[in-house]
Amino acid sequence: MTPKTRLLIGGLSACAVALGLGRFAFTPILPLMQAAHGLDTQSAGWLAASNNLGYLAGAVWAGLIATDRGRHLAFTACLVVVAASLAAMSLTSVEWVWNLIRLVAGIASALVFVLGAALVVPALAGLGAARLTGVHFSGVGLGIILSGSVIAWAGGWGGDNAAWLTAAALCGVLSAASAWGLRHVHGSGAAGVSHPAPAPFSLGWLSAAYFCAGLAYIVTGTFLVVVVRATPGLEPIANLSWIVVGLAAMPSSAAWALFAARFGFRLALIFAHLLMAAGAGLLAITDSAIGAMVSALLYGGTFLGIAGMAMAFGRAIAPAHPARAMGMLTAAFSVGQMIGPVAAAFLADWGGWMPALLMAALVTLAGVPMLMAGKR
């Protein structure tokens, strides 16, 4: 097996562990938890917010690890922690303990995702294969597909506890593949590299738009299966809609990178915001299977692309200080992620899922004038 293949297997598996399972296994399991434990919508929102708070803490922590050996140790340890946290969800039904577990899962997921990218992306560039970065991030879609198929099937057979244990088992297999694939990979520094001229755009406006994307995307990402299952006549396709999200997500990062290379980051981000808003708005009003599937396709096809393009745009805006730019963007996105599920749960309890999803659509659209205003 070639070094490039091992690298891609390791990176793809890391993304599947960090976000595809560590974060998004919760989405198809949530309806099972509600049925088995009477979990209400606001409690579900707080569980999602706890995970996203952990992600913010983990992302900050990842940036403080200074040595290559430290990054490898933290990465490997957190692969184990993510799998253990998924299994631990089956061991209790106490909500505050669930929140603590999801907080820990968020910390570990962020460390795996950030440190994995820090290892894989420079290594791909060093092998002359930077164009394959999208394959690395497609692991998120793979994890979502597994959560909507294998994990959902286990949950249908044995309830939420069986689903969590299945998620942990899949996570263990993928973690082993990731640790094996990346065991000899080392991130490379940028010393001696000349920096291009900064892109003529405001990092503050980009961060504000990215905050909107973070707040809005997590609403659909947390509640899509619950919403589809609650729509009369659509219950049988609830898990299938989540599989569609994963299928759309797998090629999306690479596809949006090509689009941005052709038309520029600003226009690509505006277009992606419009499509993601359309997906959330459609989910708010549809009562048809086709509408639900189109909504899932629009969501899966945009959320990873927005994240990848925003980070790349931030590096282009501040080429001499990429860590500062990505830190600012990550903080804005993470704060949005924490607010989104709690606000959506409140609106859902007040007026049903339509106002919650319309809120997500409108917040996504609010990012468009910010992206227009930021050009210098």
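Predicted model: local features only at pLDDT ≥ 70, side-chain atom pairs only at ≥ 80, totals over all residues.
Biologist: Why are α8 and α10 called roughly parallel to each other?

Modeller: The axes of α8 (residues 203-230) and α10 (residues 265-285) cross at roughly 30 degrees. Angles under 35 degrees count as roughly parallel. The pair is therefore roughly parallel. The axes of α8 and α10 come within 11 Å, and α8 passes α10 in a left-handed crossing.

Biologist: Which residues in α8 and α10 meet?

Modeller: From α8 they are L206, A209, A213, Y217, T220, L224, V227 and V228. From α10 they are L269, H273, M276, A280 and L283. By class, this contact of α8 with α10 divides into 11 nonpolar, two polar and no charged residues.

Biologist: How do you know that α12 and α13 are oblique to each other?

Modeller: The axes of α12 (residues 303-317) and α13 (residues 322-351) cross at roughly 140 degrees. Angles over 145 degrees count as roughly antiparallel, and 65 to 115 as roughly perpendicular. A value of roughly 140 degrees falls among the rest, so α12 and α13 are oblique to each other. The crossing of α12 past α13 is right-handed.

Biologist: What makes the contact of α12 with α13?

Modeller: On the α12 side it is A310, M311, G314 and R315, and on the α13 side P322, A325, M326, L329 and T330. The classes are six nonpolar, two polar and one charged. Arg counts as charged, so R315 of α12 belongs to the charged class.

Biologist: How do α8 and α9 cross, and at roughly how many degrees?

Modeller: The axes of α8 and α9 (residues 238-263) come within 8 Å and cross at roughly 145 degrees. The crossing of α8 past α9 is right-handed. Here G221, L224, V225, V228 and R229 in α8 meet A238, N239, S241, W242 and V245 in α9. The residues of this contact are six nonpolar, three polar and one charged.

Biologist: What makes a space in this model a cavity?

Modeller: A 1.4 Å probe fits in a cavity but cannot get out. By this rule, one cavity of 30 Å³ or more is counted. The largest cavity has a volume of about 60 Å³.

Biologist: Which residues line the largest cavity?

Modeller: The lining is R23, F24, F26, T27, A48, N51, N52, R102, I218, G221 and T222. Two or more of these residues come from each of α2 (26-37), α3 (41-64) and α8.

Biologist: How many residues of each class are in that lining?

Modeller: There are four nonpolar, five polar and two charged residues. Gly counts as polar, so G221, one of the lining residues, belongs to the polar class. G221 in α8 is also among the residues that meet α9.

Definitions and conventions
Residues numbered from 1 in each chain as written. Heavy atoms only, no water. Axes fitted to C-alpha atoms, helices over the stretch in contact; angles between N-to-C directions. Helix = DSSP H or I, 4+ residues; strand = E, 2+ residues; numbered from the N terminus. Left-handed = near helix turned anticlockwise from the far one by under 90°. Contact = heavy atoms within 4.5 Å. 1 Å grid on protein atoms, 1.4 Å probe; cavity = no way out; pocket = protein on both sides within 12 Å on 5 of 7 lines; lining within 4 Å. Points joined across faces, edges and corners; volume = space filled by probe spheres on them.
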